[in-house]
Amino acid sequence: MEQRRPTSGSQQGRPRKKVDNPYLGTDYSMQISPGYRMRRTKREWKPLEDRSCTDLPWFLLFTVFCVGMGSIFGFTIATGGAARLIFGYDSYGNTCGQRNERIEGVRLSGLDQTDKKYVFFLDPCNIDIVQRKIKSMALCVSVCPDEELKTYQDLKRFAVHNGSELCSYELAGHKYPSLPERFDKCPKLPVPPSKSLPVFNRCTPVDISCYAKFAEAVVTFVSDNSVLHRLIAGVMASKVIIVGLCLLALVLSMILMVIIRYISAVLVWIFTATVVLGSLAGTSILWWMYIDYRLTVNKTLSKETEDAKEEAEMSRDNAQVLLVYAIAATVFTVILLLLMLFMRKRVALTIALFHVAGKVFIHLPLLTLQPFCTFLALLLFWFYWSLVLLFLGTTGNPVQNEETGLTEFRLTGPLQYMTWYHAVGLIWISEFILACQQMTVAGAVVTYYFTRDKNKLPVTPILSSSLRLMRYHLGTVAKGSFIITLVKIPRLFLMYVHNQLKGKENACARCMLKTCICCLWCLEKCLNYLNQNAYAATAINSTSFCTSARDAFVILVENALRVAAINAVGDFVLFLGKILIVTSTAFAGVLLLNYQRDYAEWVLPLIIVCLFAFLVAHCFLSMFEIVVDVLFLCFAIDTKYNDGTPGREFYMDKALMEFVENSRKLERVAERGRSRPTEVVSVEGMEMKPMAPGTSSA
């Protein structure tokens with residue numbers, strides 16, 4: 001069969017058919033001819049119409065990476081690292097509670113420790129502050145000493161009565177008092193009473209006073225053991241109040257989200273007025289102080305004394321500094337006033353988006369549970385990651401420490417890179433979990449926005465969005481989170497280098513390091529924002545990550561002023577909301593705790609409550625922020641491809657429709673005013689159709 005191909009000459013005269021689409025208008029032109037394939041000159045936006053798997057290679061790559069993470073866990077189990085961590089091992093490489101094989105070149109290894117299930121440290125308070133580990137010799141014993149042993153005779157009696165020898169294995173228990181090696185290979189006297197930990201079979205002293213030095217290294221403000229005891233006692237005694245205040249922070253966060261919906265206009269305009277008035281007041285004060293200093297200089301110069309001249313010189317310098325500050329404040333205030341003048345309509349858009357976001361949470365109440373699900377997933381993963389990291393700390397080949405002569409297990413050769421692989425997994429998988437939350441929320445909000453009749457929403461849009469994510473878009477999420485990981489790893493590495501070189505590097509190197517860290521942080525924030533919009537574009541049109549990121553970037557650039565207004569005004573309002581929740585919770589905590597504790601004892605419970613309150617407020621209001629950003633992207637697409645005429649009705653909510661309608665009325669009035677200044681313009685009968693009948697605007 002002959003293959004028919006289009007030729008430039010024969011096809012120039014063929015008609016071109018323009019296809020109207022409620023999302024595209026007439027922007028998409030298709031050439032139609034018999035035997036020829038239709039070709040689109042532009043890609044279409046089809047919200048919620050087509051679904052296909054996106055970025056499948058990245059999903060496979062992420063799956064392979066997760067298999068590698070699981071293989072590290074399996075390696076630690078197979079090589080005994082997990083057993084050594086849980087059951088403990090002595091300084092000769094013997095795992096307690098089981099029969100051991102002999103280690104080449106290590107004396108007293110390969111012992112049968114089946115009956116000795118606990119690890120006993122000869123000097124448990126010998127802490128390495130830098131490495132955060134105990135440097136003492138460790139032995140496997142059958143019983144932890146439950147009473148204080150003050151002399152070597154007590155050690156002998158304990159060994160005879162309990163069958164648990166607390167000195168090195170080569171020393172006989174009944175000879176402890178007379179052996180010359182007792183000073184090096186027996187525990188430091190007096191031996192404090194101890195008990196074993198519930199899961200990790202280590203004998204730990206009942207009195208933790210010997211760990212005061214370690215506590216001081218970890219918590220720098222603890223200078224003596226009494227303060228540490230009082231703080232811990234305050235937390236334990238106030239645990240009921242702490243739980244109650246945490247619940248109060250949760251309730252306040254939910255109430256604030258409802259309040260923002262109904263008084264968003266008041267909040268935003270109060271913030272705007274406060275910023276403008278504050279800038280004007282600050283600028284006026286600076287100019288007043290400058291004039292006051294100038295008058296002081298003139299008065300001082302009239303006195304012809306040496307002290308007066310010195311005072312005048314000092315006042316003149318201060319006046320010059322104040323002049324610079326006043327000019328800078330004036331420039332800032334003028335720019336701020338101009339921005340407020342030109343962006344006042346965008347502030348109105350922010351108010352409308354806040355109002356619609358409140359409606360989204362009413363129609364999709366399960367959105368409020370999304371932060372808890374994400375936090376639980378992160379918590380479980382971090383617990384698993386920390387456990388495997390501890391396993392890696394006791395995995396590897398036995399190596400004798402040259403300083404102490406004790407046997408330790410370390411990863412050598414290529415195996416040591418497993419720790420770095422595990423560290424990268426912490427960042428990538430954590431970012432993947434956060435990205436799944438963003439994609440799930442974006443999918444639910446997109447479903448809400450592009451469903452004309454809100455009474456016909458799916459029963460559980462959040463669940464539907466989660467299923468779409470797992471079925472189609474895990475590769476997109478994996479790719480977006482990997483890009484964030486590529487930026488975050490160098491920043492964390494530079495921060496580590498900066499901390500290691502603190503006090504050693506010169507001023508230039510320190511400045512360069514901080515500059516690089518700051519630039520990478522800014523890049524990470526920008527990529528996070530772009531990724532979030534890319535996930536929303538994927539939820540709308542089911543396109544790959546790069547295509548979605550490009551489309552979202554184009555939309556954001558076309559609406560740059562609106563984006564700036566929403567981010568500046570909206571983010572600051574939400575930040576003030578977080579501060580309000582934290583301060584309200586802290587005030588309630590002060591009132592409750594002050595009745596039963598003095599300041600030194602309830603300060604730590606109050607700090608814990610404030611941290612939890614900020615975490616809860618951040619989770620809820622950040623979710624609100626994500627909803628606002630996704631709504632704005634949907635709104636920008638809606639206004640770009642629809643105009644409210646029959647067949648191209650808007651999808652937007654009534655509040656957003658009022659904003660668009662008022663804006664267009666003002667534009668028409670302005671245009672007609674320029675063309676016919678004396679004509680009275682009527683705008684009746686020009687209202688646009690927001691959505692199909694039956695749409696809920698409640």
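This is a predicted model: local features need pLDDT of at least 70, side-chain atom pairs count only at pLDDT 80 or more; totals for chains, interfaces and linings use all residues.
Colleague: What does helix α13 span between its end C-alpha atoms?

Modeller: Helix α13 covers residues 461-500. A straight helix of 40 residues would span 58 Å at 1.5 Å a residue. Helix α13 spans only 49 Å.

Colleague: How are two packed helices described?

Modeller: Two values are used. One is the distance between the axes. The other is the angle between the axes.

Colleague: Are α1 and α13 roughly perpendicular or roughly parallel?

Modeller: Helix α1 holds residues 56-78. Its axis and that of α13 are 7 Å apart, and the packing angle is about 70°. Angles of 65 to 115 degrees count as roughly perpendicular. Therefore α1 and α13 are roughly perpendicular.

Colleague: Which residues of α13 does α1 meet?

Modeller: The crossing of these two helices, α1 and α13, is left-handed. From α1 come Trp58, Phe59 and Phe62. By class, the contact of α1 with α13 has six nonpolar, one polar and one charged residues. On the α13 side, the residues are Leu474, Gly475, Ala478, Lys479 and Phe482.

Colleague: Are α1 and α12 oblique or roughly parallel to each other?

Modeller: Helix α12 runs over residues 417-449. The axes of α1 and α12 come within 10 Å and cross at roughly 130°. Angles over 145 would count as roughly antiparallel, and 65 to 115 as roughly perpendicular. So α1 and α12 are oblique.

Colleague: How many charged residues does the contact of α1 with α12 have?

Modeller: The crossing of α1 and α12 is left-handed. Residues of α1 in the contact include Leu61, Phe65 and Ile72, and those of α12 include Tyr421, Trp428 and Phe432. By class, the contact of α1 with α12 has 14 nonpolar and three polar residues. The number of charged residues is none.

Colleague: Which residues does the cis peptide bond join?

Modeller: Look in the loop between α4 (182-185) and β7 (194-196), where proline 190 is found. Omega is about -5° at the cis bond. The bond joins leucine 189 and proline 190.

Colleague: What is the phi of leucine 108?

Modeller: Leucine 108 sits in the loop between α2 (81-87) and β3 (118-121). It is not a glycine, yet its phi is positive. The value is about 60°.

Terms used. Residues are numbered from 1 along each chain as its sequence is written. Side-chain values use heavy atoms; hydrogens and water are left out. Helices (H or I, at least four residues) and strands (E, at least two) are DSSP runs, numbered from the N terminus. The expected span of a helix is 1.5 Å times one less than its number of residues. Axes are lines fitted to C-alpha atoms, for helices over the stretch in contact, and angles run from 0 to 180 degrees between N-to-C directions. Angles under 35 degrees count as roughly parallel, over 145 as roughly antiparallel, 65 to 115 as roughly perpendicular and the rest as oblique. A crossing is left-handed if the near helix is turned anticlockwise from the far one by less than a right angle, and right-handed if clockwise. Contact means heavy atoms within 4.5 Å. Ala, Val, Leu, Ile, Met, Phe, Trp, Tyr, Cys and Pro count as nonpolar, Asp, Glu, Lys and Arg as charged, and the others, Gly among them, as polar.
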